[in-house]
Every structure is written in structure tokens, then in C-alpha cells.
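Thanks for coming. I will go through some strand pairing and helix packing, and I will keep it short. Please have the sequence and the structure open.

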Amino acid sequence: MIGCCSFCPCFGISGGADDDLGRSNLEPVLLISGIGGSILHSKRRRRGFQTRVWIRIFLADLEFKKKLWSIYNPKTGYTEALDDDSEILVPDDDHGLYAIDILDPSVLTKCLHLKEVYYFHDMINMLLRCGYKKGTTLFGYGYDFRQSNRIDKAMEGLKIKLQTAYKASGGRKVNIISHSMGGLLVSCFMSLHNDVFSKYVNKWICIGCPFQGAPGCINGSLLTGLQFVDGLESFFFVLRWTMHQLLVESPSIYEMMANPEFQWKKQPEIQVWRKQFKDKKTSSVVLETYGPTESITLFEEALRDNEVSYDGRTIAVPFNFSILQWATGTRQVLNNAQLPTGVSFYNIYGTCFDTPFDVCYGSETSPINDLSDLCHTIPEYSYVDGDETVPAESAKADGFAATARVGIAARHRDLLRDKKVFHLIRSGWE
């Protein structure tokens with residue numbers, strides 16, 4: 001699929017020699033990250049000083065709350081930091097690769113080699129060994145993953161990055177490799193700027209994309225948050241509840257809710273074991289079930305009292321219907337996406353791992369009294385086949401005329417360092 005020196009002809013040209021201007025004959029590659037896969041800096045508007053707020057180990061939770069907690073502005077479509085003096089930026093160092101390589105590039109993290117924060121690192125090294133050159137045939141695109149996948153800033157940034165890669169390589173079309181939600185961002189761009197996509201893109205390799213949503217993970221995230229890493233390492237990163245308050249105000253999360261129009265083999269559900277009182281003395285326990293559409297009322301009720309304390313203020317953070325309306329528009333944009341003639345599409349998705357699908361709160365012996373209690377309850381999941389994050393059923397349902405779809409037995413982030421994936425990228429699909 002990607003030309004690698006003289007033995008990888010599928011992406012580029014068979015040879016690896018440079019032209020007269022020092023450009024490699026390989027076709028340029030653009031790596032696009034998924035949710036949580038870009039370094040974010042907080043920049044002081046008045047002083048210009050920048051602090052890394054995602055990801056970091058030391059003071060991670062404190063800096064996250066102070067600099068990254070946000071509120072959605074329905075007038076602009078952007079979620080905006082509560083800190084009025086803070087602007088969230090994605091560093092573009094190293095031709096965009098720095099932001100998506102090692103998410104915490106501190107000396108300690110590198111010494112410990114914490115694989116949880118090594119994002120595109122292994123793939124970047126693999127491509128460099130194959131002869132790709134940063135700034136000539138290898139580029140990265142990180143973005144503010146809190147925002148909508150179709151927001152103007154993200155779309156314009158991707159357009160500029162494609163143009164840059166195209167020109168730097170001597171007018172060769174770009175081969176995109178996207179991971180996770182990055183595939184939705186590419187789909188939105190393809191839908192909204194099909195002519196630009198056709199002009200600059202040759203091939204698109206999509207890895208682990210939740211084309212029809214990631215029901216279990218997203219439903220759980222909206223109600224109880226998300227732990228970036230599990231086990232002992234979780235104590236060094238942002239806490240689950242802290243992350244929850246950000247996700248409730250992030251359009252990108254709403255855009256990965258289960259597509260209610262998709263014909264799932266089985267509709268994803270949220271289940272709640274709930275105590276109901278017939279009168280003051282008599283009660284019973286019932287199992288309530290909510291599908292993709294009915295779950296909206298559950299989100300509304302469960303998050304009705306959700307709030308955060310920030311800089312001496314109490315700020316309400318309920319389920320955001322303005323974001324939901326925007327996300328509905330994004331789903332329509334995604335449904336309208338069409339692969340241009342002449343652009344090849346490859347879909348790599350994860351299999352063989354239990355992946356959250358249905359979410360259940362409470363139990364028959366320990367029911368939920370009030371739906372607002374859900375936000376302080378750890379859910380139980382039922383599982384389907386996938387990569388532990390995205391169900392294979394969703395990842396395969398891209399809706400495009402794919403050149404190939406290949407399932408790889410790997411976890412969601414591990415797909416970016418999997419040897420079989422590297423073989424497909426280097427050597428083609430035989």
C-alpha cells in the first residue's frame with residue numbers, strides 16, 4: 001500500500017531516490033489522530049506563555065480542570081475554555097508530527113516508556129525507516145479533539161495541511177492514514193470539500209474508525225466519564241470524573257453516539273435497574289431499557305444536576321441539547337460523504353477483543369433510586385467483537401466502495417503499532 005524503498009510499490013513509486021530538488025519519490029503521507037490523540041497547549045492570551053495540558057503526568061488533574069474545562073457556545077459552535085485568559089492550541093512543530101507522536105514527551109515518560117502515551121510514535125519510526133522524510137513526504141495533523149469534527153477551524157487546518165504536503169512533495173497526491181475519530185474528521189472533510197479532497201488525496205487508510213458510533217464507550221462517557229488509562233497508571237493522569245465534565249461539553253463525543261438510523265444487528269441499549277415505589281411502603285425493582293433515541297431522555301434526567309465548581313463559581317453542566325442538535329447535523333454530513341472517483345479507500349479495523357456495547361447501571365439487588373445517581377455509578381457492560389473501544393460492526397460499516405477491508409486482532413490504540421498493520425501499509429493487501 002505504501003511505497004517503501006524498492007519493495008513497497010503500492011503507495012508510492014518503486015524507487016526511493018530523491019529528485020533534483022531533494023524531494024523523495026515516495027508519495028507524501030499525512031497521519032491524522034483520533035480523540036485524545038493530540039497534544040494540547042494552553043496559551044495565556046496576555047503573556048503568550050504555553051503550558052501542556054493534555055497529556056501530562058505531574059499536576060495533570062489540576063491543570064486539566066484549570067485550563068481545559070470548557071462550555072459549549074451555541075452561537076459559534078465551539079466549546080470554549082472556562083479560563084478567559086486561556087486559548088487552547090495544538091502545536092504544529094515537526095511538521096505536525098510532534099503533537100501526535102508521544103503525547104507526554106517529558107524525559108520521565110520516555111525513560112519509563114509508557115506505551116499508553118506513545119500514539120503514532122511506532123508508525124512514524126516505521127515510515128522513517130522506509131525512507132519517508134519529515135516535511136517532504138511525512139506530515140502529521142493534530143487538532144483540538146474537544147471540538148466538532150466538522151468545525152471550520154479543523155476543516156481549514158486539514159485543507160492547509162493537504163496543500164502543504166502536496167506542494168512539498170513536488171505536486172504528488174497525498175496518502176492519508178487516520179486513526180479512530182480521525183476517520184470521522186476525514187469523512188466530514190470529504191463530504192464538505194469533495195473537490196479539494198479529490199484534488200489532493202490519492203489513498204485513504206482508515207484505522208479503527210467508529211463510522212456508526214461507539215455505543216458502549218460513548219454512553220458510558222456521557223454518564224460517568226472516561227478513564228484514559230487503567231490500573232496503577234491511572235493515578236498519574238486525569239481522573240475519570242474530571243474527564244467526565246469535559247466530555248459532556250464536547251461536540252466530538254456527541255458525534256460518536258450510536259447512529260440511530262444504522263441497522264445494527266442488535267440495537268445498543270442502556271439498561272437501568274431501578275427502584276420504583278407503588279406507595280410509601282411498597283416498592284419493586286424493574287429493569288428499564290433505553291435505545292439510541294430513548295437514551296436522550298435518560299441523559300437529560302441523569303445529568304440534570306451535574307455541575308462543577310470553578311474559580312469560586314458553580315457552573316451547571318447538564319446534557320447539552322444544543323450540542324446534540326449540532327451533532328445531528330454532523331451525522332447528516334457523514335451520511336452524505338462520498339468517495340471521489342480515483343481515490344482508493346482501505347479500512348483496517350480491530351477484532352477479537354471484548355468491546356463495550358450495552359451499558360447497565362445498578363443491579364436487581366442494588367437498584368438505582370434516582371437517575372441522577374448514575375453519574376456516580378460504575379457501569380457494567382455487555383460486549384461484542386471489536387478492538388475494546390469500537391465495535392467491529394461499526395468500524396466495518398464505512399459506506400464507501402473500499403478497495404479492501406481487513407480485520408486485525410488488536411486493541412484500539414495497539415493497531416497503530418501492530419506488525420500486521422505495518423505489513424499492510426508497507427507491502428499491500430495480498
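To begin, which residue takes a positive phi in the hairpin of β4 and β5? Gly77 does, with a phi near 85 degrees. Keep in mind that this is a predicted model. The hairpin has four residues between its strands. Strand β4 covers residues 70-73 and strand β5 covers residues 78-81. The two pair in the antiparallel sense, over four bridges.

Next, the helices. Helix α1 is residues 60-68, and helix α8 is residues 240-247. Their axes come within 10 Å and cross at roughly 15 degrees. Angles under 35 degrees count as roughly parallel, and α1 and α8 are therefore roughly parallel to each other. The crossing of α1 and α8 is left-handed. On the α1 side, the contact is made by Asp61, Phe64, Lys65 and Leu68. On the α8 side, Thr242, Met243 and Leu246 take part. By class, the residues of this contact are four nonpolar, one polar and two charged.

Helix α8 also packs with helix α7, residues 215-224. Here the angle is about 100 degrees, and the axes are 7 Å apart. The range for roughly perpendicular is 65 to 115 degrees, so α7 and α8 are roughly perpendicular to each other. From α7, the contact uses Ser221, Leu222, Leu223 and Thr224. From α8, it uses Arg240, His244 and Leu247. This contact of α7 with α8 divides into three nonpolar, three polar and one charged residues.

Now the sheet. In what order do its four strands run? The order is β11-β10-β15-β16, in an open sheet with mixed pairing. The edge strands are β11, residues 283-290, and β16, residues 380-386, and each of these pairs on one side only. On average, neighbouring strands of this sheet are turned by 25 degrees against each other, with direction ignored.

Within this sheet, strand β10, residues 270-277, pairs with β11 in the antiparallel sense over eight bridges.

Conventions
Residues numbered from 1 in each chain as written. Predicted model: local features only at pLDDT ≥ 70, side-chain atom pairs only at ≥ 80, totals over all residues. Heavy atoms only, no water. Axes fitted to C-alpha atoms, helices over the stretch in contact; angles between N-to-C directions. Parallel < 35°, antiparallel > 145°, perpendicular 65-115°, else oblique. Left-handed = near helix turned anticlockwise from the far one by under 90°. Contact = heavy atoms within 4.5 Å. Nonpolar A, V, L, I, M, F, W, Y, C, P; charged D, E, K, R; others polar. Pairing = 2+ DSSP bridges.
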